[in-house]
Amino acid sequence: MVNVHEQFMADALRLAEKGLYTTDPNPRVGCVLVKQGQVIGRGWHQRAGEAHAEINALYEAGNEAAGADCYVTLEPCSHFGRTPPCVDSLIRAGVARVFVAMQDPNPIVAGSGIALLQQAGIEVHTGILADQAEKLNPGFCQRMRMGKPFVRSKIAMSLDGRTAMASGESKWITGPLARLDVQKLRARSSAILTGIGTILADDPLLNVRGTENFDWYPQNQAVRQPLRIVVDTDLRMPANAQILKTGKVLLATAVDTPSHHDIETIVLPSLEHSIDLSALMTVLAQREINEVMVEAGAVLNGALLRSRLIDELVIYTAPKIMGNEARGAFELPNMTTMAQNIGLKITDMRSIGDDWRITAIPEYNEEF
């Protein structure tokens, strides 16, 4: 028998997903209003500073909202931020019951929205499809709970685990469909992180492009370009680098200089011949960065793993063999025994054209 509450919440989750590429730094939220078993209003949060999901659903429902049930994927906000509190609007509309997928991890809210609804005599139920709601906002949830963004590293490699030839040549390991799929990861990210080695070797743009050709990006929304962050410990960024020609760039360095090529620069403590990457993540969280996508070489990826900062790996594996002289995916010089290996929990595996995309969570152990 179908659980009707889960059915309506699933509808709200599908609405929330419409904001996957546009709501940053806000969470993706969906809302459904139901009366006598019929949906009378749907809404989702589309962009920071604009109406929240509940407000859009209430607008669609109009006067019919009185006595309705509200299904929302995240606890309604109870504070004045970029917009007024949603709980006030729900109370004024006279909804009868509110079904919440998950409590808001933002300490400013964190249960207060639910409490205000209950104080107004509205029945509140929580925990409906909570896991699915959490997965929609891994970066927002982690930033609120732990003070750091969710870090997702994208790696393109051959079947024998190589990411570039010994010369540095790497175009192209994977096929065109895999490279287009990467645009989805970029588009949902708050920031893209790379190292100066990648800039010097490949001179990439690291921006979102080609969205006009795909139905997965909302055509009525302007493309939101993620911040590009370059770990440039010794400030070696060339003045003519392509990445500087469009969009915002942030340099993370250990060199205490006021500016470099008129680019915003943050100075961080040095650690093991590089910057303190944990300190960088703290700074990014303070800047409301939710999801960081890493597109870098073995040095930075290895340093992030050693610092236990990678939360998810997205590995595109091509049916090619590049040989033992080619470069590997991670520089981990101190890993010398099997006890030090990092296990991976594979959460998804699927073909993308001729390549395979593997999504996995690192399982760090005490020996590493």
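Okay, let's start in a loop: C77 sits between β3 (69-72) and α3 (86-93), where helices (H or I, at least four residues) and strands (E, at least two) are DSSP runs numbered from the N terminus. Before I go on, this is a predicted model, so local features need pLDDT of at least 70 and side-chain atom pairs count only at pLDDT 80 or more, while totals for chains, interfaces and linings use all residues. Residues are numbered from 1 along each chain as its sequence is written, and side-chain values use heavy atoms, with hydrogens and water left out.

UniProt, in an unreviewed entry, puts the feature "binding site" at H52, C77 and C86; the positions are in the numbering used here, feature names are shortened, and annotations may be inferred rather than shown by experiment. These residues spread over 35 residues of sequence but cluster in space, with a largest C-alpha distance of 9.2 Å.

Now zoom out. We've got domain 1 (4-137) and domain 2 (147-363), with bounds from an automatic or database domain assignment. Their centres, taken over C-alpha atoms, are 34 Å apart. Domain 1 brings 11 residues to the contact and domain 2 brings 13, contact being heavy atoms within 4.5 Å.

How much area is buried between domain 1 and domain 2? About 1,100 Å², with carbon and sulfur atoms giving 39%; that's the accessible area (1.4 Å probe) the two parts lose on being put together, summed over both. On the domain 1 side, Y21, D24 and R47 supply 55% of the area buried against domain 2, more than any other three residues.

D24 has something else going on: its peptide bond to P25 is cis, with omega near 10°. P25 itself is in the loop between α1 and β1 (30-35).

What about charges across the interface? The rule finds one salt bridge between the domains, meaning a side-chain nitrogen of Lys or Arg within 4 Å of a carboxyl oxygen of Asp or Glu. R28 and E291 also pair up this way through their side chains, at 2.8 Å, N to O.

Across the whole structure, the search gives 14 salt bridges. One of them joins the side chains of D11 and R42 at 3.1 Å, N to O. That pair links distant parts of the chain, with D11 in helix α1 (residues 4-17) and R42 in strand β2 (residues 38-44), 31 residues apart.

You'll find A110 in the loop between β4 (97-100) and α4 (112-119).
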